[in-house]
Amino acid sequence: MKVLVTGYTGQLGFDVVRELKARNIECIGTTRNEFSLTDTERMKSFVREYKPDVIIHCAAYTAVDKAEDEVDICRAVNTDATKHLSEVCKEIDAKMIYISTDYVFPGDGEAFYEPEDKKAPQNVYGQTKLDGELAVQEILDKYFIVRISWVFGSNGKNFIKTMLNLAKNHDKLTVVNDQVGSPTYTVDLAKLLCDMALSDKYGVYHATNEGICSWYDFACEIFKQAGIKINVEPVPSTAFPTKAIRPHNSRMSKKCLDEAGFNRLPAWQDALVRYLQELNM
C-alpha cells in the first residue's frame, strides 16, 4: 500500500507520516512547495505520478480569524482544493481520508453532536471545511471524513505550547471557561487514521481523545502536570473578543467509532502526560 499525506509540515500530517513509517507502510508527506493545493494541475500531476492507494488529506487553511478577511483564499484551500483532490482520487481509484472539524456544527447547547446532526458553521473556516466534506461525499464512494478538535502535537503551535510559554513571564493567566470540547493528540489520532487507511469501513467519523473539558480546565491540567505554580482565572469568551465566532459546545459523539470496530483514543489527560514527556517537560 502507498499513502500520500498532505500537510506534512503540520501537527497532524507530521505524526501521520511518522506512524505510517513505523508500520513500514510506503508513504510520502507533501508540503506546499511541491504540492500547492491552489495549483490544481500541478497537484493532480503529482498524484497521478505517485499513484497512491490512499490520500490522507491533513492540509488546510486553519487561521480561523484571518479567514474572515481572506474568504477567497480559505475557500480555495479548504473547499476547491479538496474537490480537485477528490476528482483525482476517483480517477486513480484511491481512498480519501479527509480531516474536518467540529466547527461544521452550530456549537450551541450541551448535547454531543452525532455525525449526521444539523450543520450550521458560525464562521468562514467552518463553512469552507463543511463544503469540503460535501465535495468529498459528492465525488467519492471510498472516503472517510474525520472530524477532530483542539489538536496538539509536537510539530507546530498549539494551546499547550502557548500556555507553557505564557507561564514563563506571567504569574496569573485568564482562560475562557465557556467553550467545551475534547483535546486531540496527533500521535493518538495518527494511529486511528492509519487503521482507517487499512480498512474499507468508509463513512463520517468523530475522533478526539476521550473526555471533555473547557479551555480553563485544560490549562489547569497542563500546569498541574507540568508542575508549574500559576494562578489561572476562568473568564467568559466575551473577555477575549475574536473576529470569528468560536463554538461554545464542541462535544462530539464517538459512537460511530465503536460501531465500525475502531478503537477510541485514550483519555485526554493521559494524552497530555505523554505529550509533555515528548516535549521533555
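By a nonpolar core I mean a set of buried Ala, Val, Leu, Ile, Met, Phe, Trp, Tyr and Cys residues joined through side-chain atoms within 4.5 Å; buried stands for under 20% relative accessible area, exposed for over 50%, and partly exposed for what lies in between, with a 1.4 Å probe and protein chains only. I note that this is a predicted model, in which local features need pLDDT of at least 70 and side-chain atom pairs count only at pLDDT 80 or more, while totals for chains, interfaces and linings use all residues. Residues are numbered from 1 along each chain as its sequence is written, and side-chain values use heavy atoms, with hydrogens and water left out.

**Cores**

I looked up the largest nonpolar core, which has 30 residues, and found that Val-16, Ile-56, Ile-97, Val-146, Leu-193 and Met-196 touch the most other members. At least two residues of this core come from each of strand E1 (2-6), helix H1 (11-22), strand E3 (54-57), strand E4 (95-101), strand E5 (143-148), helix H6 (186-197) and helix H8 (255-260); helices (H or I, at least four residues) and strands (E, at least two) are DSSP runs, numbered from the N terminus. H6 gives the most to this core, namely seven residues. Apart from this core I noted another, of 27 residues, which includes Trp-150, Leu-164, Ile-222 and Val-232.

I then took Val-146 by itself and, leaving out residues up to four places away in sequence, listed its contacts as Ile-97, Tyr-98, Ile-99, Ser-100, Leu-193, Met-196, Tyr-205 and Ala-207, where contact means heavy atoms within 4.5 Å.

**Helix H2**

Which residues of helix H2 (residues 40-50) are buried? I found Thr-40, Met-43, Lys-44, Val-47 and Tyr-50. They lie on the same side of H2, because they cover an arc of only 135° around the axis, the arc being that of the directions from the helix axis to the C-beta atoms. Glu-41 and Glu-49, on the other side of H2, are exposed. Among the elements that cover the buried residues of H2 I listed E1, strand E2 (26-29), E3 and helix H3 (71-92). Just after H2, I noted that Lys-51 takes a positive phi of about 50°.

**Salt bridges**

How many salt bridges does the structure hold? I recorded 20, taking a salt bridge as a side-chain nitrogen of Lys or Arg within 4 Å of a carboxyl oxygen of Asp or Glu.

Asp-15 counts as buried at 2% relative accessibility, whereas Arg-18, at 39%, counts as partly exposed.

I next looked at Glu-19 and Lys-191, whose side chains meet in a salt bridge at 4.0 Å, N to O. This pair links distant parts of the chain, with Glu-19 in helix H1 and Lys-191 in helix H6, 172 residues apart. Glu-19 is buried, at a relative accessible area of 14%, and Lys-191 is partly exposed, at 36%. I also found Glu-19, Arg-23, Lys-191 and Asp-195 linked in a network of salt bridges.

My last pair was Lys-83 and Glu-87, which form a salt bridge at 2.8 Å, N to O, and which both lie in helix H3, four residues apart, about one turn of the helix.
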